Amino acid sequence: MNRFKPTIVLTAITSIVALLLIVTHIFTYADTSGIITDKLMSACVEAMGEGEFVIVSDWQAEGYGIEKPDNVEKLIKKSDGSIAFEIITNGYSKNGLDLLIAMNSDGSVKAVSVVSVTDTPGLGTKVNDSSFLAQFSGKTGQLTAVKNQPKSEDEVQAVTGATYSSKGVTEAVNIAVEVYSQLNIGV
């Protein structure tokens, strides 16, 4: 019995700690799925300008004609009717890029704004550079991030040392352009 006593005590302690963590999570968890956080608000203002923003929770009821795709976190509508998509995608880290892609009424990208980047500091975070993000403005087709100088309209130059993160931003923009093309919005 003395051989098993430390194992029993350790099991009891870890079980109690796990239970306390679960209870703490239940009482302190805040669901932010329907809330515009300060970071998201800042990204909205940067990409779309000042105004009132709301999260569209029921895309069908709003008249967009489709259900919310799984790869889009939020659809944000500005008081002037313009919209943006919050998309979380992989960079170097899994789900390391939280981006806001604002759209023009013609289906082109208005602006890309970074909500947060958890990729490698000093490398992956370089995708927050305004000259890189500006490459996406006005684009309408499916894009590819390339290491060298772009040779066509459907290519953007990746940030040196942040290829995975650059491809993640490009993927998010491609998702936004595709989803926008499926919406029932008069052009």
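Author: A residue counts as exposed when over 50% of its relative accessible area is open, and as buried when the value is under 20%. This model is predicted. In it, Y92 and Y164 are both exposed.

Reader: How many aromatic pairs does the structure hold?

Author: It holds three.

Reader: What makes W59 and F85 a pair, and is the pair stacked, tilted or edge-to-face?

Author: Ring centres must lie within 6.5 Å, and planes under 30 degrees apart count as stacked, over 60 as edge-to-face and the rest as tilted. The centres of W59 and F85 are 6.2 Å apart and the planes stand at 40°, so this pair is tilted.

Reader: Where in the chain do W59 and F85 sit?

Author: W59 is in the loop between β1 and β2, while F85 is in strand β3. They are 26 residues apart, and the pair links distant parts of the chain.

Reader: How do you know whether W59 and F85 are buried or exposed?

Author: The limit for buried is under 20%. W59 has 1% relative accessibility, so W59 is buried. F85 has 0%, so F85 is buried.

Reader: What is the geometry of the pair Y92 and Y164?

Author: The centres lie 5.7 Å apart with 50° between the planes, and the pair is tilted. Y92 is in the loop between β3 and β4, Y164 is in helix α4, and 72 residues separate them.

Reader: Which residues of the largest nonpolar core touch the most other members?

Author: They are W59, F85, I101, F136 and V169, in a core of 36 residues. At least two core residues come from each of β3, β4, β5, α3 and α4. Helix α4 gives the largest share, eight residues.

Reader: What does the second, separate core include?

Author: It has 14 residues, among them L40, I55, A84 and L100.

Reader: Why are β1 and β5 called edge strands?

Author: The open sheet has five strands in the order β1-β2-β3-β4-β5, with antiparallel pairing. Strands β1 and β5 each pair on one side only. From one strand to the next, the twist averages 25°.

Reader: What makes β2 and β3 a pair of strands?

Author: A pair needs at least two bridges, so the four bridges that join β2 to β3 are enough. I76 stands opposite A84 in β3.

Reader: Which strands does helix α2 touch?

Author: Helix α2 packs on the sheet and touches β1, β2, β3, β4 and β5. Helix α4 lies across β3, β4 and β5, at about 40° to β4.

Note on methods. Residues numbered from 1 in each chain as written. Predicted model: local features only at pLDDT ≥ 70, side-chain atom pairs only at ≥ 80, totals over all residues. Heavy atoms only, no water. Phe/Tyr/Trp six-rings, centres within 6.5 Å; stacked < 30°, edge-to-face > 60°. Buried < 20%, exposed > 50% of the residue type's maximum accessible area, 1.4 Å probe, protein only. Core = buried A, V, L, I, M, F, W, Y, C linked by side-chain atoms within 4.5 Å. Axes fitted to C-alpha atoms, helices over the stretch in contact; angles between N-to-C directions. Contact = heavy atoms within 4.5 Å.
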